[in-house]
Every structure is written in C-alpha cells, then in structure tokens.
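Subject: Structure handover

Hello,

Here is the structure for your files. Please keep it open while you read the notes under it.

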Amino acid sequence: MSKNMVVTQPRPYIMTTVSNQWTSGICDCFQDLPQCCSGFWCFPCLACATTAYFGECFCLPLMDMITLCPVVSMSMRVAMRYHYKIQGDMGSDCVYSYFFNVCSWCQMAREIKRRR
C-alpha cells in the first residue's frame with residue numbers, strides 16, 4: 001500500500017524596493033571615486049557622458065557653459081527625478097544645479113549607474 005505524497009519546492013520570495021529618494025546624497029561623491037575624479041578633473045566629460053547614458057544628446061551640457069545660469073543641469077535633474085520618480089522640487093534642483101553643479105552631476109551619474 002503506497003501513499004501518494006506531493007512534494008513541493010519552496011519558492012523564493014523576491015521583494016524589490018524602489019525608493020523615491022536619491023540613492024546617494026549630494027555630497028557623497030567619494031562613494032564612486034572614478035566619477036568623483038572625472039567630475040573634478042574633466043567636468044564636461046562627466047556631464048556629457050551622464051547625459052548620453054540618460055538618453056539625451058551628449059553635447060547638451062555644453063550649453064551651460066555659454067549661459068550664466070545652468071539651465072541644462074537643472075533640466076536634467078528635473079527630468080531624472082520625474083523618470084525615476086524621485087521626490088523633490090524644482091527649488092532644490094535649482095539650488096543644487098547653481099551652487100553645487102559638479103556634485104549634482106556626480107549624484108546624477110551615480111543614480112543612473114545604480115538604477116540600470
């Protein structure tokens with residue numbers, strides 16, 4: 001007399017959490033040292049590469065060098081916040097883009113790298 005026994009395999013429970021915050025702070029440049037060095041020594045290269053990885057025209061950040069106000073940097077921050085559903089407002093984007101421009105680009109580059 002044999003009993004039919006059903007054996008089931010445990011299924012892994014995979015939970016993904018997508019945060020509505022930046023994955024790194026504005027002053028966390030040393031979390032990714034190559035990007036930090038790239039931003040310090042060749043900032044236009046970092047900005048152009050970050051824009052290209054985001055899917056925009058790579059020469060777009062060069063327009064910020066013509067104007068006094070970094071409108072392209074701010075626009076990229078806003079677009080990235082909307083794309084990744086990151087919490088924030090345009091006021092903080094404006095402050096970060098104007099006063100912490102290189103740190104802002106480093107933060108955006110880290111964000112793209114981590115969310116890909």
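The notes below cover the core, the cysteines, the salt bridges and a surface patch.

This is a predicted model, in which local features need pLDDT of at least 70 and side-chain atom pairs count only at pLDDT 80 or more, while totals for chains, interfaces and linings use all residues. Residues are numbered from 1 along each chain as its sequence is written, and side-chain values use heavy atoms, with hydrogens and water left out.

Core

The largest nonpolar core has 17 residues. A core here is a set of buried Ala, Val, Leu, Ile, Met, Phe, Trp, Tyr and Cys residues joined through side-chain atoms within 4.5 Å; buried means under 20% relative accessible area, exposed over 50%, and partly exposed in between (1.4 Å probe, protein chains only). Phe54, Met76, Met80, Tyr84, Trp105 and Met108 have the most contacts inside this core. At least two core residues come from each of helix 2 (43–54), helix 3 (71–84) and helix 5 (101–115). Helix 5 gives the largest share, five residues. Helices are DSSP runs (H or I, at least four residues), numbered from the N terminus.

Leaving out residues up to four places away in sequence, Trp105 touches Phe43, Leu46, Ala47, Thr50, Thr51, Pro61, Ser73 and Met76. Contact means heavy atoms within 4.5 Å.

Cysteines

There is one disulfide, defined as a pair of cysteine sulfur atoms within 2.5 Å. It joins Cys42 and Cys45, whose sulfur atoms are 2.5 Å apart. Cys42 is partly exposed at 30% relative accessible area, and Cys45 is partly exposed at 44%.

Cys106 is buried, with 2% relative accessibility. Its closest cysteine sulfur is in Cys29, 4.2 Å away, and that is also too far for a bond.

Salt bridges

The whole structure has four salt bridges; the rule is a side-chain nitrogen of Lys or Arg within 4 Å of a carboxyl oxygen of Asp or Glu.

Lys113 and Asp32 form one of them, at 2.9 Å from N to O. Lys113 is in helix 5 and Asp32 is in the segment before helix 1 (33–41), so this pair ties together parts 81 residues apart in sequence. Lys113 is exposed at 53% relative accessibility, whereas Asp32 is buried at 9%.

Another joins Arg81 and Asp93, at 2.7 Å from N to O. Arg81 belongs to helix 3 and Asp93 to helix 4, 12 residues apart. Arg81 is buried at 4% relative accessibility, and Asp93 is buried at 1%. Arg77, Arg81 and Asp93 are linked in a network of salt bridges.

Arg115 and Glu111 also form a salt bridge, at 2.4 Å from N to O. These residues are four apart in helix 5, so about one helical turn separates them. Glu111 is buried at 0% relative accessible area, while Arg115 is partly exposed at 23%.

Surface patch

Val95, Tyr98, Phe99 and Phe100 make a nonpolar surface patch of about 420 Å². Such patches take residues with over 30% relative accessible area and no salt bridge, with nonpolar side chains (Val, Leu, Ile, Met, Phe, Trp, Tyr) joined within 5 Å. Areas come from the Shrake-Rupley method with a 1.4 Å probe. Tyr98 lies in helix 4 (residues 90–99) and is partly exposed at 46% relative accessibility.

Regards

Note on methods:
Patch = residues over 30% accessible without salt bridge, like charges linked within 9 Å, V, L, I, M, F, W, Y side chains within 5 Å.
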